[in-house]
Amino acid sequence: MGHSHSHSHTPAAGAAGERRLWPMVLAVALIGGFFVVELIAGILVNSLALIADAGHMLTDVVALIMGLIALLLGRHGRTTDTRSFGWHRAEVFTAVANAVLLIGVAAFVLYEAIERIGNDPQVPGLTLIIVALLGLAVNLVVMLLLRADAQESIAVRGAYLEVLADAVGSVGVLIAGIVALTTGWGYADIVVAVLIALWVVPRALRLAIEALRILNQQAPAHIDVEALRADLAGIPTVDDVHDLHVWTLTTGMDVATVHLGSSRPNSEVLPAAQAVLARHGLDHATVQVDNDDQGRCRDEMTW
């Protein structure tokens with residue numbers, strides 16, 4: 001009879017359990033405070049560009065709060081028999097929600113812009129310039145806070161993209177303010193608002209596609225599954241490779257399972273298979289060695 005060896009990582013192990021929380025908390029405070037300022041200014045001067053940018057600021061706040069909750073769940077959420085991987089997928093759901101928010105704000109701005117066609121808006125350019133400069137400064141600070149963690153977490157990346165969109169929006173509002181101040185052409189406000197909305201949509205779609213790819217348990221784009229299969233098949237003690245599955249649980253945690261057919265002792269198969277999988281960045285993997293002669297499982301190892 002075969003026997004099993006288990007060397008498993010806890011779900012919170014690795015990068016997925018080590019997200020930094022303080023940048024998100026500080027970002028919420030900065031963006032939330034400026035959202036109130038920009039919204040009030042936009043309403044007072046009847047600027048669609050400012051209101052559009054404030055709308056993006058609001059989605060930033062929501063995205064940052066959801067991302068923070070997702071990170072807290074991933075770190076402290078209890079693992080149970082029914083939630084064997086804990087709450088790490090909360091980050092992925094948060095990314096989808098962020099994408100929906102971005103697209104929703106873009107659609108609202110486009111609708112408002114169409115409604116305002118034919119009414120030359122009169123907006124004070126100086127007010128737009130001052131608010132835009134303040135907003136750009138806040139966005140740049142928050143982007144610096146989130147930039148490093150955006151590479152490690154899809155939830156933080158969603159929030160980072162929201163802030164990046166706001167930074168571009170602030171630049172647009174600044175341009176609209178300069179045009180309105182120097183030429184008196186109020187339509188610059190509407191044009192900038194539309195351009196901001198159109199700039200945001202493809203980035204939101206890209207984020208949604210990335211998150212849905214994870215939810216669909218597709219193989220991560222950075223792992224060449226065919227090369228992995230070939231490397232496993234190239235192990236001298238392996239006769240057959242089948243039932244190879246690779247997917248992403250959350251950003252920073254790729255998972256794999258595979259069956260290896262072999263007539264050799266497990267001590268000659270498992271270490272070599274573990275080395276191949278680790279070389280492909282798969283530290284969370286389960287390998288099952290099948291006895292070719294008897295057609296049944298001989299050994300299994302998880303690490």
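Where is glutamate 38 found? In this predicted model, glutamate 38 lies in helix H1, which covers residues 22-45. Is that residue buried or exposed? Glutamate 38 has 0% relative accessibility, so it counts as buried, given that the cut-off for buried is under 20%. Setting aside neighbours within four places in sequence, glutamate 38 is in contact with Leu50, Asp53, Ala54, Met57 and Val131.

Next, let's visit helix H5, which runs over residues 154-183. Its 30 residues, at 1.5 Å a residue, should span 44 Å, and the end C-alpha atoms of H5 are 43 Å apart, which agrees. After H5 comes glycine 184, with a positive phi near 80°.

Finally, here is a pair of helices to look at together. Two packed helices are described by the angle between their axes and the distance between the axes. For H7 and H8, the axes come within 10 Å and cross at roughly 160°. That angle makes H7 roughly antiparallel to H8, because angles over 145 degrees count as such. The crossing of H7 past H8 is right-handed.

The table shows which residues make this contact.

| Helix | Residue range | Residues in the contact |
|---|---|---|
| H7 | residues 225-233 | Leu228, Asp231 and Leu232 |
| H8 | residues 266-279 | Ala273, Val276, Leu277 and Arg279 |

What classes of residue does the contact of H7 with H8 have? By class, there are 5 nonpolar and 2 charged residues, and no polar ones.

Conventions: Residues are numbered from 1 along each chain as its sequence is written. This is a predicted model: local features need pLDDT of at least 70, side-chain atom pairs count only at pLDDT 80 or more; totals for chains, interfaces and linings use all residues. Side-chain values use heavy atoms; hydrogens and water are left out. Axes are lines fitted to C-alpha atoms, for helices over the stretch in contact, and angles run from 0 to 180 degrees between N-to-C directions. Helices (H or I, at least four residues) and strands (E, at least two) are DSSP runs, numbered from the N terminus. Angles under 35 degrees count as roughly parallel, over 145 as roughly antiparallel, 65 to 115 as roughly perpendicular and the rest as oblique. A crossing is left-handed if the near helix is turned anticlockwise from the far one by less than a right angle, and right-handed if clockwise. Contact means heavy atoms within 4.5 Å. Ala, Val, Leu, Ile, Met, Phe, Trp, Tyr, Cys and Pro count as nonpolar, Asp, Glu, Lys and Arg as charged, and the others, Gly among them, as polar. The expected span of a helix is 1.5 Å times one less than its number of residues. Buried means under 20% relative accessible area, exposed over 50%, partly exposed in between (1.4 Å probe, protein chains only).
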